[in-house]
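Hello,

Here is the structure I promised to pass on to you. Please have it open while you read my notes below.

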2 protein chains.
Amino acid sequence: MALKRVVVVGGTHGNEWGGIFLLRRELAQVSVETYPFQLDTCLANPGATRANRRYLDQDLNRSFVAAELAQPELPAYEAQRAQVLARELGDADFLLDLHNTTANMGLTLILSRPDALTDPLTRQLCAHALRQDTRVRLYTNPVPLAESPYLPSVARRDLTLEVGPMAHGTLRAELYHATRKLVFDLLDYLARWEKGTAPRYTGELPVYAHLQNVDYPRTATGELDAMVHPDLQDRDFEPLLPGAPLFQDFSSHTLTYQGSETVWPVFINEQAYYEKHFAMSLTRLETYPL
Amino acid sequence: MALKRVVVVGGTHGNEWGGIFLLRRELAQVSVETYPFQLDTCLANPGATRANRRYLDQDLNRSFVAAELAQPELPAYEAQRAQVLARELGDADFLLDLHNTTANMGLTLILSRPDALTDPLTRQLCAHALRQDTRVRLYTNPVPLAESPYLPSVARRDLTLEVGPMAHGTLRAELYHATRKLVFDLLDYLARWEKGTAPRYTGELPVYAHLQNVDYPRTATGELDAMVHPDLQDRDFEPLLPGAPLFQDFSSHTLTYQGSETVWPVFINEQAYYEKHFAMSLTRLETYPL
């Protein structure tokens, strides 16, 4: 499949500034001759971006389930925006969606398409990304396309880039520039792929495969009853062993991880996931042959 | 002046969770016999707390200017709430207002009353606080009471506690527990003061005295044109020398500090101050005799 159109998306969440500023300050100025494909940018949620909020009515990145896209009368702002974006982005051969997180995720590429790792380009692109910055990680969380609520699912191929830790509604210069470098590295690889000059990597990809989300301990009425344990805070992608500290309650008591296998938590203490009832997601470190 | 009523305030900004949870989980449960004064708690902005936003219509902590309090018909939610709070908190002999910041402020006590450091109790309480945690700092930013927009200005004495770095709408366990310990240390000192058994400290207080706020570089249309320089990020309360890196623009160029004297920046890259057009505040380190 040729790469005719590549789209870089920012502002899917209106308070995640890394992608929003990268679009405004860099990508919107790229000359049309630079790449052998049409490079477009898309500010996904202009209403939430103007309000400097994650969303206005509902999470745009949970608004792309096929059954909901089939209902053009849904009232939420983001449901309407999803209608528009599904039409505008459906012919993208590759879509890169730029996000930020308060979790210490470094530069994490999320693969949510079930066939992502069997696609030669996506696989090679991930291998290329891993060589560009030591903080690059691959997190697979496959969802069948028809059920996928995620914006990038409307394109033919996609990756989501999660960069952190960065508080929503702020920029951290070092992470901004690391994002900028990685995005141009990825575009460069796509260009070389299209021209047939891309390096082909061999060996294995380290992949953090999603197992489950874990909520905070809560009271009988659903209120937060503990926090991420200080020993786990900021330790995304590090192994969590059975019996290790997981949460600390408001009286300083430790709650330990009760699982029987070692897991690798990600999205630890992400701000936007309190309302989704996730304190973190647990993954298993696997390898995938190139 | 006897201490008859002490009030601990949280949620002046509805997405600063440290104080909100400390009120709910600890202070609301304190027995009336614990202290020789009436200890009350106050969730200052219940509307914004429910919405998990800093404010609904305007910053509550800029809504206490006397001339505005004299206008009970002002339409904003926070203007109305200020009317209520001015009445409810006006007889507090001591008010402690709990805040969080995305800046690396540790446990900073802000003194905004012009006479704060000439008040023997406030001075001794600050000396006591400095001995409880190595991250305690004193930041003076005096505003004449009649012009003060700050909530605590309605009480007879006050301190504001700024704790960070903590992303708004999140909790970090270690900082939560450090806040809890310091608040109880302060209440304990107030109790001993009232009983006449408080230790009296001698020597000098290190004080970071406010000089000026510094905005980000901006484009002709007012858009952000640079970020806090990576070398300065998270370096609150460290000396910034003439010629040192201050900002980094979107093309990675460094902008240096052009002042002629060494200053100590605070509130570096606080999320809520982008809209106020402050990248940081500059202070001068001084000492104040006890």
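First, the ground rules. This is a predicted model, in which local features need pLDDT of at least 70 and side-chain atom pairs count only at pLDDT 80 or more, while totals for chains, interfaces and linings use all residues. Residues are numbered from 1 along each chain as its sequence is written, chains are lettered from A and ligands numbered from 1 in the order in which they are written, and side-chain values use heavy atoms, with hydrogens and water left out.

**Where the chains meet**

On the chain B side, B:Arg25, B:Met227 and B:Phe250 supply 21% of the area buried against chain A, more than any other three residues.

**Cavities and a pocket**

The search used a 1 Å grid over the protein atoms alone: a cavity is a set of points where a 1.4 Å probe fits but cannot get out, a pocket is an open set with protein on both sides within 12 Å along at least five of seven lines, and lining residues have an atom within 4 Å of a point. Two cavities of 30 Å³ or more turned up in the whole structure.

The largest cavity has a volume of about 40 Å³. Which element gives the most to its lining? That is S3(B), with three residues. Helix H1 (17-25) and strand S6 (158-164) of chain B are also among the elements that each supply at least two (helices, H or I with at least four residues, and strands, E with at least two, are DSSP runs numbered from the N terminus). The lining includes B:Gly18, B:His99 and B:Thr179, and it divides into three nonpolar, five polar and no charged residues.

The second largest cavity, at about 30 Å³, has B:His13, B:Arg54, B:His99 and B:Glu270 among its lining residues. Here the lining divides into two nonpolar, four polar and four charged.

The second largest pocket has a volume of about 390 Å³. Of its 19 lining residues, A:Thr102, A:Pro165, A:Arg172, B:Pro165 and B:Arg172 lie nearest its centre.

**Some residues of chain A**

A:Asp93 sits in the loop between helix H4 (77-89) and strand S3 (94-100) of chain A. Its relative accessible area is 3%, so A:Asp93 is buried (buried means under 20%, exposed over 50% and partly exposed in between, with a 1.4 Å probe and protein chains only). The side chain of A:Asp93 makes a polar contact with that of A:Arg156 at 2.8 Å (a polar contact is a pair of N or O atoms within 3.5 Å; within protein, one must be able to donate a hydrogen and the other to accept it, and residues adjacent in sequence count only if both atoms are side-chain atoms).

A:Glu194 belongs to helix H6 (residues 173-195) of chain A and is partly exposed, at 29%. Its side chain reaches the backbone nitrogen of A:Leu3 at 2.9 Å. Leaving aside neighbours within four places in sequence, A:Glu194 is in contact with A:Ala2, A:Leu3 and A:Pro36.

Lastly, helix H5 (residues 120-130) of chain A is mostly covered, with nine of its eleven residues buried.

Best wishes

Notes
Grid points are joined across faces, edges and corners, and a volume is the space filled by probe spheres set on the points. Ala, Val, Leu, Ile, Met, Phe, Trp, Tyr, Cys and Pro count as nonpolar, Asp, Glu, Lys and Arg as charged, and the others, Gly among them, as polar. Buried area is the accessible area (1.4 Å probe) that two parts lose on being put together, summed over both. Contact means heavy atoms within 4.5 Å.
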